[in-house]
Amino acid sequence: CEALPKVSTKGLPAAVEALAVLTSDADEKIRSLAISGLAHIADSGNKVAIDALMLRFRSEGRSLRKAAVEALGSIVVGRDRDSMLLVIQCTEDSDEYVKQSAVNTVLGAAEKGDAVLLNSILSHQFVHQDRRVRDAAQQMVAGLSHQGDPQVTARLLE
């Protein structure tokens with residue numbers, strides 16, 4: 001598992017599939033190495049890798065959730081709204097490191113001005129009961145909005 005990302009060609013489907021399977025291994029170290037490996041060899045937008053990582057950040061301990069979110073940052077593309085919306089949901093994680101990794105992933109991968117993502121953030125995370133989630137939402141809105149965006153400004157003034 002550790003050697004595969006070092007010797008495999010980037011984007012090789014068999015290697016991505018093997019690592020995706022290993023993200024569900026019983027051994028936490030194997031899962032961690034598989035997550036890291038996917039970040040290195042999966043091409044942007046690789047659905048097999050994205051699906052495997054999405055499962056990990058919902059069921060793992062803090063370090064693996066954080067690693068899965070960070071790995072998604074190197075694979076997910078802003079046009080993949082379903083994946084981006086799931087990453088945005090990770091800003092509701094109870095762990096601050098996972099939450100900040102999710103914010104960084106969104107800001108690094110999402111397309112600036114994406115109205116669907118901004119609307120989702122403003123409708124859910126921006127009004128969340130947890131102040132830390134609202135703080136994360138403010139970071140994302142500030143980073144994704146175009147200055148003077150009339151729709152975002154109107155939503156913020158509501």
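Biologist: How many salt bridges does a search of the whole structure find?

Modeller: This is a predicted model, where local features need pLDDT of at least 70, side-chain atom pairs count only at pLDDT 80 or more, and totals for chains, interfaces and linings use all residues. Residues are numbered from 1 along each chain as its sequence is written, and side-chain values use heavy atoms, without hydrogens and water. A salt bridge is a side-chain nitrogen of Lys or Arg within 4 Å of a carboxyl oxygen of Asp or Glu. Searching the whole structure gives a count of 9.

Biologist: Which residue forms a salt bridge with Asp-95?

Modeller: Side chains of opposite charge can pair when their charged atoms come close. The N to O distance in this salt bridge is 3.4 Å. The partner is Arg-62.

Biologist: Is Asp-95 buried or exposed?

Modeller: Buried means under 20% relative accessible area, exposed over 50%, and partly exposed in between (1.4 Å probe, protein chains only). Asp-95 has a relative accessible area of 14%, whereas Arg-62 has 42% and is partly exposed. Asp-95 is therefore buried.

Biologist: Which residue forms a salt bridge with Lys-66?

Modeller: The N to O distance is 2.6 Å. Both residues lie in helix α5, 4 residues apart, about one turn of the helix. Lys-66 is partly exposed at 25% relative accessibility. Its partner is Glu-70.

Key:
Helices (H or I, at least four residues) and strands (E, at least two) are DSSP runs, numbered from the N terminus.
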